[in-house]
Amino acid sequence: MFLLIPLFPLLGAAVNGLVGIRFFSRRAVGVTAVGAAGLSFAAAVAAFAGLLRSAEPVLVKTLFTWVPASLVRTAGGRAVSLSLDLAFRYDSLAAVMTLVVTGVGLLIHIYSVGYMAHDRSYARFFAYLNLFTFAMLILVLGANLGVMFIGWEGVGLCSYLLIGFWFTKDAAAAAGKKAFITNRVGDFGFLLGTGILIYALGTVDIAGITAAVEGGMLAKGTATAAALLLFLGATGKSAQIPLYTWLPDAMEGPTPVSALIHAATMVTAGVYMVARFHALFSFSGTALTVVALTGAFTAVYAATMGLVQTDIKRVLAYSTISQIGTMFMGLGVGAYAAGMFHLVTHAFFKSLLFLAAGSVIHALSGEQDMRKMGGLKKHVPRTYRVFLVGALAISGVPGLSGFFSKDEILASAFASGNYLVWALGLAGAALTAFYMFRLIFLTFHGEERFTPESGHHLHESPPVMLVPLQVLAVLAIFGGYVGLPRVLGGGAWFARFLKTSVGVHETHLPAGTEILLMMVSVGVAVAAIYAAYAVYVKRRGEPARRFSEKFKTLYRTVSRKYYVDEAYNKIFVGGVFAAGRTADWIDRRIIDGLVDGAAGLARRVSRLAIFFDERVVDDAVNGVGRVHLIASSLLRRLQTGYIYNYALAVVLGAALVITLVVTVF
């Protein structure tokens with residue numbers, strides 16, 4: 001059954017991309033795309049139910065041998081047979097990911113029917129959307145690094161197509177290219193890590209790598225190198241330091257794309273990959289520490305930029321970077337189930353927030369600047385309510401999904417003794433609550449600041465857009481209860497379900513300590529929400545304005561994203577252009593100079609050869625000819641043809657001979 005999960009989106013992409021784009025009505029295109037996503041979700045649910053009934057925790061299906069077996073000599077000198085199968089693996093980790101990708105993806109497909117209703121490239125959009133879903137599912141279900149890499153590159157390609165969907169817009173085209181190129185840097189690390197594992201173990205199979213690591217067949221240094229290179233790939237896909245700069249610019253794509261890429265699919269690929277190879281990362285230790293620190297610093301760093309953004313979608317983009325960092329914090333302290341739990345809850349509330357932001361933008365006829373909003377609560381009340389649910393969930397308010405997953409990560413970090421990671425996670429949570437309610441208050445509360453043109457067309461979104469939002473709001477509220485911790489009377493069911501895939505991680509904290517940590521995180525979140533209320537509602541943003549004027553340099557630095565884009569442009573983009581100019585100079589001045597010089601020398605030598613040929617060789621030959629002509633013309637005079645001349649010559653010759661004889665003798 002799990003083989004059908006990626007099949008339906010592929011068929012949907014093929015039908016709409018090859019046929020629908022020319023012959024289908026908009027309704028037929030929408031039915032095809034949404035139907036494909038719906039069937040995929042149904043197959044995921046059926047496969048999940050089958051896994052629960054199955055006695056086997058892991059199901060593997062090989063379709064065919066992709067690369068036939070060949071002998072490879074490993075680092076240990078062993079000759080092993082390496083083959084690459086087109087194989088799929090289904091276990092509890094894959095089940096969670098397929099349910100999230102297809103379930104949230106289905107809601108985004110339905111929402112897109114209304115959001116993209118008037119776009120002229122309607123069929124192309126849904127073909128890309130189905131293709132993206134197919135690629136993500138291949139990544140999730142791949143049984144080896146080769147098949148995973150097909151999906152890994154597939155989501156990279158589709159993100160380029162979707163981010164740059166409105167390619168006639170320069171900013172969108174540039175954002176698509178930026179995302180594609182930045183991800184190629186990470187993908188290079190992924191390939192190198194795969195190569196190291198092939199060299200060290202002679203296999204790319206997930207089960208084979210796990211067994212080899214657990215069997216002590218891999219040196220710790222080699223494991224660290226491979227894990228760090230794989231994690232470099234994860235930083236690209238999941239937008240972590242230093243490869244995060246593509247994600248805020250990806251907001252140039254349609255809002256459903258932002259929800260799909262930034263909530264349930266592409267940005268979680270790196271998190272999934274680290275969890276999938278948990279044995280490798282745990283064995284390394286060093287790599288796991290790097291994962292934790294990278295995630296913690298990214299969580300705080302991105303949150304600071306979210307504080308000053310004025311574009312509603314960019315606030316959510318930096319929030320995504322920060323929340324993915326929180327997931328890596330969980331993975332980095334060994335709490336793989338906690339990191340995956342936050343991935344699931346994040347998919348609910350972040351897709352809700354992005355789609356609700358799209359509803360706001362739709363209501364304001366495309367306006368995204370929060371400074372030109374305000375007072376929307378009474379105009380779009382349904383959108384406001386679901387947006388508020390998403391903001392409360394991501395802020396970690398008790399009772400909503402984000403509270404359970406975020407606190408489990410913080411508790412795991414504290415229990416592991418990584419107090420720096422815990423402190424950074426707590427700071428990131430506080431900043432998240434502040435900037436999310438800054439967004440709420442600037443957008444929905446206070447005085448109306450939108451233009452008359454936007455206000456004239458102001459309207460609530462249609463049901464086809466609101467129903468997915470309401471479903472996601474329910475999931476954002478109740479989705480966290482699948483991981484209800486034991487200290488709150490639950491059974492940690494989510495972690496128990498993932499036990500067969502990522503192992504068990506116990507926090508080993510006294511109940512009182514765990515509850516105290518919850519109270520601290522909740523207190524920090526509530527304080528941050530109140531601070532946002534005091535600044536942007538009670539005092540109408542005046543403290544923020546005074547702060548920006550008093551600390552102009554700091555405010556400018558943060559609002560300009562710490563000038564990282566400028567630095568990258570100068571160092572890398574500028575470096576490439578400088579290298580190109582240098583190569584051009586070498587080509588024109590040195591290589592072309594050598595070639596042109598050789599040609600000039602050849603011309604001079606040829607002219608000398610021509611001169612020698614014409615003036616020496618030809619003149620010598622011609623001179624010999626002229627001497628012969630002169631001599632022959634003189635001798636020719638002796639040939640008169642008269643007998644008496646010849647007789648006279650004979651007589652004179654005889655007289656001369658007689659005279660010589662007489663004289664000599």
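The structure is a predicted model, in which local features need pLDDT of at least 70 and side-chain atom pairs count only at pLDDT 80 or more, whereas totals for chains, interfaces and linings use all residues. Residues are numbered from 1 along each chain as its sequence is written, and side-chain values use heavy atoms, with hydrogens and water left out.

Two helix pairs were examined, with helices (H or I, at least four residues) and strands (E, at least two) taken as DSSP runs numbered from the N terminus. Axes are lines fitted to C-alpha atoms, for helices over the stretch in contact, and angles run from 0 to 180 degrees between N-to-C directions. Helix α2 (residues 26–53) packs against helix α4 (residues 122–141) at an angle of about 10°, and their axes are 9 Å apart. The two helices α2 and α4 are therefore roughly parallel to each other (angles under 35 degrees count as roughly parallel, over 145 as roughly antiparallel, 65 to 115 as roughly perpendicular and the rest as oblique). Contacts, defined as heavy atoms within 4.5 Å, join Arg26, Val29, Gly30, Thr32, Ala33, Ala36 and Ser40 of α2 to Tyr122, Ala123, Phe126, Asn130 and Leu137 of α4. For helix α8 (residues 220–237) and helix α13 (residues 286–306), the angle is about 25° and the axes are 8 Å apart. This angle makes α8 roughly parallel to α13. On the α8 side the contact is made by Thr224, Ala227, Leu228 and Phe231, and on the α13 side by Thr286, Ala287, Val290, Val291 and Thr294.

Helix α13 also contains Val300. With a relative accessibility of 17%, Val300 counts as buried (buried means under 20% relative accessible area, exposed over 50%, and partly exposed in between, with a 1.4 Å probe and protein chains only). Apart from neighbours within four places in sequence, Val300 is in contact with Leu424, Ala427, Gly428 and Leu431. The C-alpha atoms of Val300 and Gly425 are separated by 7.3 Å, although these residues are 125 residues apart along the chain. Met436, in helix α18 (residues 419–444), is buried at 0% relative accessibility. When residues up to four places away in sequence are not counted, Met436 touches Leu316, Leu353, Phe387, Ala391, Ile394 and Ser395. By contrast, Val520 of helix α23 (residues 511–538) is partly exposed at 33% relative accessibility. Its C-alpha atom is separated by 8.8 Å from that of Leu426, 94 residues apart along the chain.

A search of the whole structure finds 16 salt bridges, each defined as a side-chain nitrogen of Lys or Arg within 4 Å of a carboxyl oxygen of Asp or Glu. One of these joins Lys169 and Glu252, with an N to O distance of 3.0 Å. Lys169 lies in the loop between α5 (145–163) and α6 (170–201) and Glu252 in the loop between α9 (246–249) and α10 (255–264), so the pair ties together parts that are 83 residues apart in sequence. Lys169 is partly exposed at 40% relative accessibility. In the salt bridge between Asp369 and Arg371, the closest N and O atoms are 2.9 Å apart; Asp369 is buried at 15% relative accessible area, whereas Arg371 is exposed at 54%. The side chains of Asp407 and Lys406 form a further salt bridge at 3.9 Å, N to O, and both residues are buried.

Strand β1 (residues 59–73) provides the largest share of the patch, 4 residues. Leu63, which is found in this strand, is partly exposed with a relative accessible area of 44%.

Backbone geometry was also examined. A cis peptide bond with omega of about 5° joins Ile241 and Pro242, and Pro242 is found in the loop between α8 and α9. Ser365, a residue other than glycine, has a positive phi near 60° and lies in the loop between α15 (336–363) and α16 (381–395).
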